[in-house]
Protein chains: 2
Amino acid sequence: MISRGSKITIVGLGLLGGSYAKGLFNAGYKVTGIDIDPSAIEFAKQYNWIVEGGDDVNLVKDSDIVISALYPNVFIEWVKENQHLLKPGSVLTDVTGIKREVIQQIGEVLREDVEFISCHPMAGREFRGIQYADPHLFEVANYIIVPTEKNTEKGLSVARDLAKVLKFANVTELDAKEHDEMIGFLSQLTHVIAVSLMNTSDNSHLAEYTGDSFRDLTRIARINEALWPELFVLNKDNLIHEIDNFTNEMQAFKEMLENEDYEGMKEKLITSTERRKAFDKKVPR
Amino acid sequence: MISRGSKITIVGLGLLGGSYAKGLFNAGYKVTGIDIDPSAIEFAKQYNWIVEGGDDVNLVKDSDIVISALYPNVFIEWVKENQHLLKPGSVLTDVTGIKREVIQQIGEVLREDVEFISCHPMAGREFRGIQYADPHLFEVANYIIVPTEKNTEKGLSVARDLAKVLKFANVTELDAKEHDEMIGFLSQLTHVIAVSLMNTSDNSHLAEYTGDSFRDLTRIARINEALWPELFVLNKDNLIHEIDNFTNEMQAFKEMLENEDYEGMKEKLITSTERRKAFDKKVPR
């Protein structure tokens, strides 16, 4: 387990970074926070989630574990600019939602005496900012570790311990290709669907008639517009492939409807009902 | 309010008919049930939701209020075959999920001395059958009354009173065209999306990685394959229009992604986030 004396620094105190800070504080760790927004630092200090913090990158010095909770491209830039400050032998980890590009770019530039272990905590909310931080999010969420051949047992155990300390419901490992394919389908395609459904027409006058179906399908249409286009573009190949598959499936259903093909539609509904059952069983809560 | 002495008959004791029976029983009414399935009658009798029942259509005689909880086409056939048994001056209502076709066809054939007031309780579950009956469904649901020029104040008040007795969260009126357009978008399109997303590929191996996004979007992919193709076909024009609008919107997003049009995608996400807020506020629970 991560020693209580370890110096842990979180770079980026937004919703996720803040939730990490609070979760680590709850577990008895002393955390340093770095953020360019003084109000985020102030907020974290006020609740003692961090013992020290500010916008000075030198705060990262002497850290045994550095957790980046920055957006992917900002994270890559941050490493390029500030990696000379990292402590030899330290472990660097992240929370980014796409992996191939991040792992490749960080791998190309990072010092050999710092180990990067890339992780994806699949947790989020429709709100952003440290004021919505809540480590309870993790108790129903997956924590995915994406190791490469460069990773050592030490790096892996830091990642696993972090997931345990933060009480993630489930910890698994995938390679970067598998991760990005999975995310392209389960997360990115679903968000594009929700956004497109919400944008299809201005139906706010229908709000009073709305049942759970429409509400469930569009919950994630409240989305962080600063982050997600970046995630989409960094996984463009997979996401375009999934959008094509999905719209082809919609098109096939539409043709059955046009032809009043009752048997064909019935088959589709039986298949979807059967498949959905697999997703009922394994709910982690 | 509907008099406690009224004779109320429910035709079709499935999930909805059963929930009506239980709700009316809870409110102190004596209900008669008609169903071709003896086990449904048995179930309803066992809990005293109905005082008498069976498969004999003659049970409908002397009923002041007849509630059909049959599928649309079966309902239309039932009226054609059995309307001679209805009591002069009685009120007939239904639960069908599409309205233009039902109202037109019933209107063409129904005796002049019986009033049909068409209603749509927007409540349901992913399961079917009286064993899943639960009038608590209504406490978070909309009850839509779809009056025509043939309806009288008496018919309207029976519909309104029924909604009140069954404790629906919200009661509104729409005409048949407005109703079917609304349902085509809010309910039918969302179900086709959920089914298509589930059917896009067999991703049951991804179940362990699934967060709430995918689970929320596919909950309604568990769907009654006997009922919905009928509802889709009976609202074909509206549903095809909505599928086209939606897939065009998906296509536009895909083109932005292909072109790495960050600003365009950002605008889409801002719009969807803004619009979704309207649907947050009016949750009836």
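This is a predicted model: local features need pLDDT of at least 70, side-chain atom pairs count only at pLDDT 80 or more; totals for chains, interfaces and linings use all residues.

Me: In which sense do strand 1 and strand 2 (residues 31–34) of chain B pair?

Reply: Residues are numbered from 1 along each chain as its sequence is written, and chains are lettered from A and ligands numbered from 1 in the order in which they are written. Strands are DSSP runs of E with at least two residues, helices are runs of H or I with at least four, both numbered from the N terminus, and two strands pair if DSSP finds at least two bridges between them. Strand 1 and strand 2 of chain B share four bridges, and their sense is parallel.

Me: Which residue of strand 4 (residues 65–68) of chain B is the bridge partner of Thr9(B)?

Reply: Strand 1 of chain B also pairs with strand 4 of chain B, in the parallel sense over four bridges. On the strand 2 side, Thr9(B) is bridged to Thr32(B). In strand 4 of chain B, its partner is Val66(B).

Me: Which element of chain B gives the most residues to the side that touches chain A?

Reply: The contact (C-beta atoms, placed from the backbone, within 7 Å) takes 74 residues from chain B and 74 residues from chain A. Among the elements giving two or more residues on the chain B side are strand 8 (170–173), helix 6 (176–199) and helix 10 (262–281) of chain B. The most, 14 residues, come from helix 6 of chain B.

Conventions. Two residues are in contact if their C-beta atoms, placed from the backbone, lie within 7 Å.
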